[in-house]
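Subject: Structure handover

Hello,

Here is the structure I said I would pass on. Please open it first and keep it beside you while you read the notes below.

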Amino acid sequence: MKQLKAESLFELKTVTNPTLSSDGKVAVVVVTEMNQEKNDYIANLHSFNPSECKQETVQLTYGEDKNITPKWAPAGEKLAFMSNRSGKLQLFVKDGLADAKQLTDEKQGVLSFVWSQGGDKIAYTSMREEKTNEDTATDIPIPVIVDEMKYKSDARGLHDGSVVQVGVLDLNNGEQKWLTKAPYDVQLLDFSADSNAVLVAANRSANRDFAFCSDVWFIDIKTLEETMITKEPLALKGGAVSPNGQHVVLLGDYREYENATQPSLYLFDLHSKSSQSLSGATDVWIGDAVVGDFLQNTGSTNQLRFSKDGNAIFTLVSDQGHVNLWSYQLDGSVQKLSTLEGHVNGFAVQNEEMVITYSDINKPSEAYRLNAAVGTLDPMTALNIEIEQTYEINLPEPIRLTRKDGSFVDGWIMKPNELQKGQTYPLILEVHGGPHAMYAKTYFHEFQVLTAKGYGVLFTNPRGGLGYGQSFVDAVRGDYGNGDFQDLMDILDYAIEEHNWIDINRLGITGGSYGGFMTNWVVGHTDRFKAAVTQRSISNWISFYGVSDIGYYFSEWQIKANLTDIETLWEHSPLKYVKAINTPLLILHGENDLRCPIEQAEQLFIALKKQEKETRFIRFPQSNHELSRSGKPNLRIERLNAITSWFDQYL
């Protein structure tokens, strides 16, 4: 069989974001692929009948645009989705066999939407109320006036004064109405059961530089009257209204451990005005915590769905390196609807029908019918079958180090594809970002490229990662470079003991974001690695505090120090230990990264060169913090080839 390479990304497709018609007889998914000629992503909608196991789809949209986030109306045959075929992403509705009709023409496009229960209204969000002068010629530079600390973000760049607002469309008469005109972002959650109000959330405090928790309320569509749901602000991740209108379920937390706090499901009874936790007994991460480099258009935000009878809420749960579909009953019981050792990244439930999109190491995401009663999957799509039949796809082995004190480190090890008995091979230790994220048993193209090139890969979930309980998540805060560093070294030692094919003289390490920080830290504290690649990394917590879009609060949450405690920030900064770095280090960074700004890479590179260390710096134009996942296709290829070339040179 052929070996995968970086350019094989152009042959792969992702199948994500499933939705089911109101009768459960038609499912629609998003199929995304990279277009080499356009150097961009193309996404189209495909449909299939879940009751027929044909592994065939009917393509609903065509062309070289992005058609994403399909949602069937709760009643009738209308299918809404977003498309950029007219420029920005706008709302379209397809009714039965008729052609799709464009519903919106927002200057900055549409961000999200929800259907009303009756299928006659759609609420949506868009960026509005720009402060810039629309009549000013675009080629004349305009100064940016900054009055707040939260003036930029990696996703939006420099803020221009626009804020996310909520509008509603009446499909019966075509009327449109803005429900909010607030000077702050408003999050759209759901419609009320009677379709007369919309559930929204926002932080309405005067100081939004530290606006991390939101109020939740209904807005009456006719009167704009507000009905509060929450009594105190909640760090919100999603919400849904029950079909009978009696309950609202919110997914969020009260920041007991800052951003390391696991979210809970809170049930609000609209009749009794009482609330309770539905998930307090489960020490898991509710939501999809997986980091990867392959999936596109998952629609993973706000994945909360009520059962038709309103007695249960469906959601994804990340647990022990896997993501599955769970059901939380309103009576407090919990049911695991899938028990797969992989990555469920999307789901749809209608009547008795369940459809998921699922990725395993050797199965780039496809759609499946889930039989929850017996836990089996029926494949519905096979859009990557040629890849599976043409290329050798590497399967990992689980690995777990358990210490005498009961602590552990979990992960997987992948052998080189062409492993020969009696031969030894280099091994690459991969470190995920976050640190509050999770590696999982899912398709990861970078790992496949490395094993195809003759490297072993060890990817693990050290302390701080999600999916292993609240105390595990919180264990890294204030301890960067200590316990987490020891976790990585210990499981590496364990892997070497268990696998005699690993050449201890040819070890490499790489990671991005927090994984980039850890790469920098590791090579400053041990010489056991003979090559390293640091990506979108942190090197100096002192400057990070003021230049990152999250620095002024993230540093306090994670390092537990601010600019009044320079010594602690510097103590945890890899830049302090540059003199001790003897490992050849490749530095990869996006020019437009505002999460870990490129000055972090610049400082590290200059310090290394000043010490006459072996290093190289590659800057990626038009790239933010998401380069490896959703960056320009050609740059994603360049990045992968740069990584393998560096390891080829030194390992």
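This is a predicted model: local features need pLDDT of at least 70, side-chain atom pairs count only at pLDDT 80 or more; totals for chains, interfaces and linings use all residues.

Four strands make an open sheet in the order β2-β3-β4-β5, and their pairing is antiparallel. The edges are taken by β2 (13-20) and β5 (58-59); each has a single partner strand, so one side of each has no neighbour in the sheet. Between β2 and β3 (residues 27-35) there are six bridges, in the antiparallel sense.

In the loop between β4 (40-48) and β5 you will find Gln55. Its phi is near 55 degrees, which is a positive value in a residue other than glycine. Gln55 counts as partly exposed because its relative accessibility is 37%, and the range for that class lies between 20% and 50%.

A second sheet

Another open sheet has four strands in the order β16-β17-β18-β19, again with antiparallel pairing. Its edge strands are β16 (187-191) and β19 (226-228), and each of them pairs on one side only. On average, neighbouring strands in this sheet are turned by 30 degrees against each other, direction ignored.

Four bridges join β16 to β17, and the two run antiparallel. Phe191 has Val198 of β17 as its bridge partner. The hairpin of β16 and β17 has five residues between the strands, and Ser195 in this hairpin takes a positive phi near 70 degrees. On to the next strand: β17 (residues 197-202) is joined to β18 (residues 215-220) by six bridges, also in an antiparallel arrangement. In β18, Val198 is partnered by Ile219, and Leu199 stands opposite Phe218.

Is β17 buried or exposed? Six of its six residues are buried, so the strand is largely enclosed by the rest of the structure. Ala197, Leu199 and Ala201 point one way from β17, while Val198, Val200 and Ala202 point the other way, and all are buried.

Gln320 sits in the loop between β26 (312-319) and β27 (322-329). Gln320 has a positive phi of about 60 degrees although it is not a glycine. With a relative accessible area of 30%, Gln320 is partly exposed.

Helix α2 and what surrounds it

A cis peptide bond joins Gly434 and Pro435, with omega about 0 degrees. After α2 comes Gly454, whose phi is positive, near 105 degrees.

How many residues of α2 are buried? Eight of the eight are, so α2 is largely enclosed by the rest of the structure. They are His445, Glu446, Phe447, Gln448, Val449, Leu450, Thr451 and Ala452.

Two packed helices are described by the angle between their axes and the distance between the axes. For α2 (residues 445-452) and α11 (residues 633-650), the angle is about 35 degrees and the axes are 11 Å apart. The crossing of the two is right-handed. The contact is made by His445, Glu446, Val449 and Leu450 on the α2 side, and by Arg639, Leu640, Ile643, Thr644 and Phe647 on the α11 side. Sorted by class, this contact has five nonpolar, two polar and two charged residues.

Helix α4

Which residues of α4 are buried? They are Gly483, Asp484, Phe485, Asp487, Leu488, Met489, Asp490, Ile491, Leu492, Ala495 and Ile496. The elements that cover them include the strands β34 (397-402), β35 (408-414), β36 (425-431), β37 (456-461) and β38 (502-512), together with the helix α5 (514-523).

Regards

Note on methods
Residues are numbered from 1 along each chain as its sequence is written. Side-chain values use heavy atoms; hydrogens and water are left out. Buried means under 20% relative accessible area, exposed over 50%, partly exposed in between (1.4 Å probe, protein chains only). Contact means heavy atoms within 4.5 Å. Axes are lines fitted to C-alpha atoms, for helices over the stretch in contact, and angles run from 0 to 180 degrees between N-to-C directions. A crossing is left-handed if the near helix is turned anticlockwise from the far one by less than a right angle, and right-handed if clockwise. Ala, Val, Leu, Ile, Met, Phe, Trp, Tyr, Cys and Pro count as nonpolar, Asp, Glu, Lys and Arg as charged, and the others, Gly among them, as polar. Two strands pair if DSSP finds at least two bridges between them.
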